[in-house]
Amino acid sequence: MNIPESKRTKKEFIDDIANHVAGNYHLDTEDEKMWRCNECNTVVLSVTCYVSIHCVVRNNCSGWGEVKPIEIPYCPKCEGEPKKDEHGGYRACWHE
Ligand SMILES: [Zn+2]
């Protein structure tokens, strides 16, 4: 999957990931810590996305300075790695 859209709440961001996982992956029958792709049964990998927590009151992507690492899952065969941002990294933000 790609990095969920920024400038939304944490819940909306996490729900996007949860819905994608529920709709596209299933747990391995023997190793319940491992997800597999519904399409091709390949083991799902993930990248770390650094999410900045911004203040919704200012609404301009500033504030707090707190960053949370969030794992973004993807099937290496069907989906490929998530698209990187213009700086070549995985970043997003939540507005709270
Ligand atoms: Zn796949």
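Modeller: Let me start with a cut-off: two strands pair if DSSP finds at least two bridges between them. Please keep in mind that this is a predicted model. In it, Leu-45 stands opposite Tyr-74 in S4.

Colleague: Thanks! How do you know that S3 and S4 pair, and in which sense?

Modeller: The two strands share eight bridges, in the antiparallel sense. The cut-off is at least two bridges, so S3 and S4 count as paired. Besides Leu-45 and Tyr-74, there is Tyr-50, whose bridge partner in S4 is Pro-69.

Colleague: And what makes S3 and S5 a pair?

Modeller: Five bridges join S3 to S5, residues 91-95, and these strands run parallel. Again the requirement is at least two, so this counts as a pair. Val-51, for instance, stands opposite Ala-92 in S5.

Colleague: Now to the core. Which residues have the most contacts inside the largest nonpolar core?

Modeller: Val-44, Cys-49 and Ile-72 do, in a core of 13 residues. Strands S3 (45-54) and S4 (67-74) each supply at least two of its residues, and the largest share, three residues, comes from S4. Leaving out residues up to four places away in sequence, Val-44 touches Tyr-25, Trp-35, Arg-36, Cys-37, Pro-73, Tyr-74 and Cys-75.

Colleague: Why is Lys-7 called partly exposed?

Modeller: Lys-7 has 15 C-beta neighbours inside 10 Å. Buried needs 20 or more and exposed needs 12 or fewer, so Lys-7 falls in between. Lys-7 lies in the segment before helix H1 (10-24).

Colleague: And is Asn-41 buried or exposed?

Modeller: Exposed: Asn-41 has 11 C-beta neighbours inside 10 Å, and the limit is 12 or fewer. Asn-41 sits in the loop between strand S2 (35-37) and S3.

Colleague: What makes the phi of Asn-41 worth a mention?

Modeller: Most residues other than glycine have a negative phi. Asn-41 has a positive value, near 65 degrees. Lys-7 also has a positive phi, near 60 degrees.

Terms used. Residues numbered from 1 in each chain as written. Predicted model: local features only at pLDDT ≥ 70, side-chain atom pairs only at ≥ 80, totals over all residues. Core = buried A, V, L, I, M, F, W, Y, C linked by C-beta atoms within 7 Å. Helix = DSSP H or I, 4+ residues; strand = E, 2+ residues; numbered from the N terminus. Contact = placed C-beta atoms within 7 Å.
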